Amino acid sequence: MAAPKGNKRVYLTWTDEMDAALLAVLVEHHNNGDHAQNGWKPHVYNAAIRNVREKCGVEITKDNIASRCKTFDKHYEIISKILSQSGFGWDWENDKLLIDSDDVWNRYVEANKAAACYKTKVVKNWEAITTIYSKDHANGEGARTGAESAQVPAVEFEEATPDIPQKRQRTGEAILSMLGDMRTSFQDALKANEPLPMPQATPPAQILATLEEIPDLARSDLLRSYGKLILSERLVQALMELPRDMRKEWLLMLN
């Protein structure tokens, strides 16, 4: 489908082949340092437009690329957050999540509604997407903060003076004590309704970086090891405890 012309808006349907052609250019230029915090340099867009035209016979625009990059960024943000939790991995053959059990998934989705559609969602080119976006998110772009806790307004009372009868002073102290108990109970009730935090795991980007540091580790062995390590935090910790010169041999024994 051709890109938009004039004032008429045409929605572009991206195919797997178009995604692959686009991401191939973006990965190359990302590795060359052409990916700035505020976006891609102009010549990167031109190279991507040319490659998609040559490989797929489709004309695209800079706006098409920017829109598709937002989709890739959304995939990375949601999937990488899932993979940072215990009980999840990535199925490199079928391009989707590996999930230990429905119970693990249900508990995660209860606290992360936006991830619900990713249980069986196929996301191709995950390695390329991770290469491009992992550094951005590690630097804090796209970070999200939770809702702030509800605040109970403080009630101020004047200090007791000798002119105020002792009975009124005791009454004021009783009211302060009661309000303090009410505030504590209210905050405890809020915390009781908060979703339980998922157990933390080593981020996939850190696991990948550790494997890439191992000398002479073949690409296929690296990917097999990566697929196992993101499923088991205990294996990750075992790898980290080994001396660097023993890590390759240990990983090959696992594979």
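These legends walk through several close-up views of one predicted model.

Residues are numbered from 1 along each chain as its sequence is written, and side-chain values use heavy atoms, with hydrogens and water left out. Because the model is predicted, local features need pLDDT of at least 70 and side-chain atom pairs count only at pLDDT 80 or more, while totals for chains, interfaces and linings use all residues.

**View 1. The protein chain as a whole.**
Let's start with the overall layout: the protein chain has 10 helices and four strands. Helices (H or I, at least four residues) and strands (E, at least two) are DSSP runs, numbered from the N terminus. Reading from the N terminus, the elements come in the order α-β-β-α-α-β-β-α-α-α-α-α-α-α. Of the 255 residues, 34% count as buried; here buried means under 20% relative accessible area, exposed means over 50%, and partly exposed lies in between (1.4 Å probe, protein chains only). Among contacts with a separation of 6 or more, 60% join residues 24 or more positions apart, where contact means heavy atoms within 4.5 Å.

**View 2. Helices α1 and α3 pack together.**
Helix α1 (residues 16-31) packs against α3 at an angle of about 90°, with the axes 12 Å apart. Axes are lines fitted to C-alpha atoms, for helices over the stretch in contact, and angles run from 0 to 180 degrees between N-to-C directions. The pair α1 and α3 is therefore roughly perpendicular; angles of 65 to 115 degrees get that label, under 35 count as roughly parallel, over 145 as roughly antiparallel, and the rest as oblique. On the α1 side you will find Asp19, Leu22, Leu23 and Leu26, and on the α3 side Ile65, Arg68, Cys69 and Phe72. By class, this contact of α1 with α3 has six nonpolar, no polar and two charged residues. Ala, Val, Leu, Ile, Met, Phe, Trp, Tyr, Cys and Pro count as nonpolar, Asp, Glu, Lys and Arg as charged, and the others, Gly among them, as polar.

**View 3. Ala66 in helix α3.**
Staying with α3 (residues 62-83), look for Ala66. Ala66 is partly exposed, at 31% relative accessibility. Its C-alpha is 8.7 Å from that of Gly39, a residue 27 positions away in sequence.

**View 4. Asp95 in the loop between β3 and β4.**
Asp95 belongs to the loop that joins β3 (88-91) and β4 (96-99). With 16% relative accessibility, Asp95 counts as buried. Leaving aside neighbours within four places in sequence, Asp95 is in contact with Trp90, Lys121, Val122, Val123 and Lys124.

Most residues other than glycine have a negative phi. Asn125 sits in the loop between α4 (102-111) and α5 (126-138) and is partly exposed, at 27% relative accessibility. Asp216 is in the loop between α7 and α8 and counts as exposed, at 70%.

**View 5. Helices α7 and α8, with Ser225.**
Helix α7 (residues 204-212) and helix α8 (residues 219-229) pack at an angle of about 145°, with their axes 10 Å apart. Pro204, Ile207, Leu208, Leu211 and Glu212 of α7 meet Leu222, Ser225, Tyr226 and Leu229 of α8. This contact of α7 with α8 has seven nonpolar, one polar and one charged residues. Ser225, in helix α8, is buried, with a relative accessible area of 2%. Setting aside neighbours within four places in sequence, Ser225 is in contact with Leu211, Leu251 and Asn255.

**View 6. Helices α9 and α10.**
Helix α9 (residues 233-241) packs against helix α10 (residues 244-254) at about 150°, and their axes are 9 Å apart. The two helices, α9 and α10, are therefore roughly antiparallel. From α9 come Leu235, Ala238, Leu239 and Met240, which meet Arg247, Trp250, Leu251 and Leu254 of α10. The contact of α9 with α10 has seven nonpolar, no polar and one charged residues.

**View 7. Cys56 and Cys117.**
Cys56 is partly exposed, at 24% relative accessibility, and Cys117 is also partly exposed, at 48%. The structure holds zero disulfides, a disulfide being a pair of cysteine sulfur atoms within 2.5 Å.
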